Amino acid sequence: MAHLTFLGSCREIGRSGFLIEEQDESIVVDYGTKLQNPPSFPPAIPYDDIQALALTHAHLDHSGGVPIILKSSEASLFCTPATRDLSSLLLRDMYKISNGRLPFNRDDMSLIKKKSVAALYEETFPIGRYFEMTFFNAGHIPGSAMISIRVDGKRILFTGDFNAYESRLNPGARENLPRHDIVVTESTYARRRNPPRATIEQDLIDTIIETLERGGTVLIPAFAVGRSQEIMCILESYKIPHKYPIFIDGLARNVNDILMKHPEYISSPQAFARAVKRIIVISGNRERREAANSGGIVISPAGMLKGGASHLYFKLMHDNPLNSIVLVSFQIPDTPGAELLATGEVTVGNRKYKVKADVRMHHLSSHSDADGLLNLLENIPGDPEFYVVHGESESCDALAESLTEIGKTAHVPEVGDTVSI
Ligand SMILES: [Zn+2]
């Protein structure tokens, strides 16, 4: 009988990891990190048995520990080509920021390219003697996947992070999923209901146009992978007049290069290519100062004003009331972005900055909200049993409760729990 062990992302977001074992073989799905100082990883596992490491998507909370598995085992890495390239980029960046204080080195990170097998959506692979694996589009970021594993005649689905709704950048998650016996699902926004996407986009565009027309510059701190490109695509589709320049900075530049090589993961590759052509790429501090006073739009990581080039722009732009700072993602408590929303001030180092620029929040989520989660999950045939992970403790409970209310069986596992399949 096969077993499933929860290695991480139990009642938290971070260090995702799952282990499926059948006799002397196993598959690992995701092996992420929790970005704290120092970063933490899921517990060690018996490396000799691992036949494959399957990666749902590139974000570090899912991929940050991948080099640990690859250097310690004979496992191949199964992921989409976009995930392979994006996770390599994010890992190299994490390595740089951590000054090498990680349980792996540069050579270990290069194993991602060497040991990866391109997993395409809807294709099924036999793994070892006991397993079969299929990837489905998850709609979360380009290349993101839900991973379905067949063992002992049972099917287990790992949703990874998913968005049931189409966005400007990503096609929505696979509809009409096949029957499953067990579903391990994320629950990030199980306690949120998002307004319709068109409303959020229109509000965002209104803020931007207002700012530009009064002569201000717009700063949009955004995650490098996914969110920055989503904004570029929105600006493209609403046809922001060309007299207003659009700048992009930080890691988002490299992400654009990678996605141009993988257009098959994007809703509208033509619109994305037009957006990439339009933007001005920034590479030095003189250009940054010019962009901050350009009367245009600056898209720059990090998404919560936590370091990256966004700090520099913040310092240059915060005290001009004509400017706007537009946050586009949930701001985790204790980040500068959360402080800004709550107090109108931001602490950088020992200094507190009082913000005179207009501060707005337009939340462009890349996860399903409560309705999107439930709608996708309840339509999976086979009356599967659910295990709810990857959310704050309250969100895991909320989704498990909603599933129970519609007659499903749902559990919220703890780290280290093992269940029989
Ligand atoms: Zn993610």
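Two strands pair if DSSP finds at least two bridges between them. The model is predicted: local features need pLDDT of at least 70, side-chain atom pairs count only at pLDDT 80 or more, and totals for chains, interfaces and linings use all residues. Residues are numbered from 1 along each chain as its sequence is written. Helices (H or I, at least four residues) and strands (E, at least two) are DSSP runs, numbered from the N terminus.

**Domains**

- The chain is split into domain 1 (3-192 + 366-420) and domain 2 (197-361); such bounds come from an automatic or database domain assignment.
- The C-alpha centres of the two domains lie 29 Å apart.
- Across the boundary, 20 residues of domain 1 are in contact with 18 residues of domain 2. Contact means that the C-beta atoms of two residues, placed from the backbone, lie within 7 Å.
- The side of domain 1 that touches domain 2 has eleven nonpolar, five polar and four charged residues. Ala, Val, Leu, Ile, Met, Phe, Trp, Tyr, Cys and Pro count as nonpolar, Asp, Glu, Lys and Arg as charged, and the others, Gly among them, as polar.

- Strands of a sheet pair through backbone hydrogen bonds, either parallel or antiparallel.
- Strand E1 (residues 3-6) pairs with E22 in the antiparallel sense, over three bridges.
- Leu4 has Val419 of E22 as its bridge partner.

**The sheet from E7 to E21**

- Another open sheet of seven strands runs E7-E8-E9-E10-E11-E20-E21, again with mixed pairing.
- Strand E7 (124-127) and strand E21 (409-411) are the edge strands.
- Strand E10 (residues 154-158) and strand E11 (residues 182-185) run parallel and are joined by three bridges.
- Ile156 stands opposite Ile182 in E11.

**Helix packing around H3**

- Helix H3 (residues 81-97) packs against helix H7 (residues 252-261) at about 165°, with axes 10 Å apart. Axes are lines fitted to C-alpha atoms, for helices over the stretch in contact, and angles run from 0 to 180 degrees between N-to-C directions.
- H3 and H7 are therefore roughly antiparallel, a label for angles over 145 degrees.
- Asp85, Leu86 and Leu89 of H3 meet Asn254, Val255 and Ile258 of H7.
- That contact has four nonpolar, one polar and one charged residues.
- H3 also packs against helix H4 (residues 106-115), at about 170° and with axes 9 Å apart. This makes H3 roughly antiparallel to H4.
- On the H3 side, the contact residues include Arg84, Leu91 and Tyr95; on the H4 side, they include Met109 and Ile112.
- The H3 and H4 contact divides into four nonpolar, two polar and four charged residues.

**Backbone exceptions**

- Most residues other than glycine have a negative phi, and most peptide bonds are trans.
- Asp30 has a positive phi, near 60°. Asp30 is found in strand E3 (residues 25-31).
- Pro301 and Ala302 are joined by a cis peptide bond, with omega about 10°.
- Ala302 lies in the loop between strand E15 (297-300) and helix H10 (309-317).

Notes
Parallel < 35°, antiparallel > 145°, perpendicular 65-115°, else oblique.
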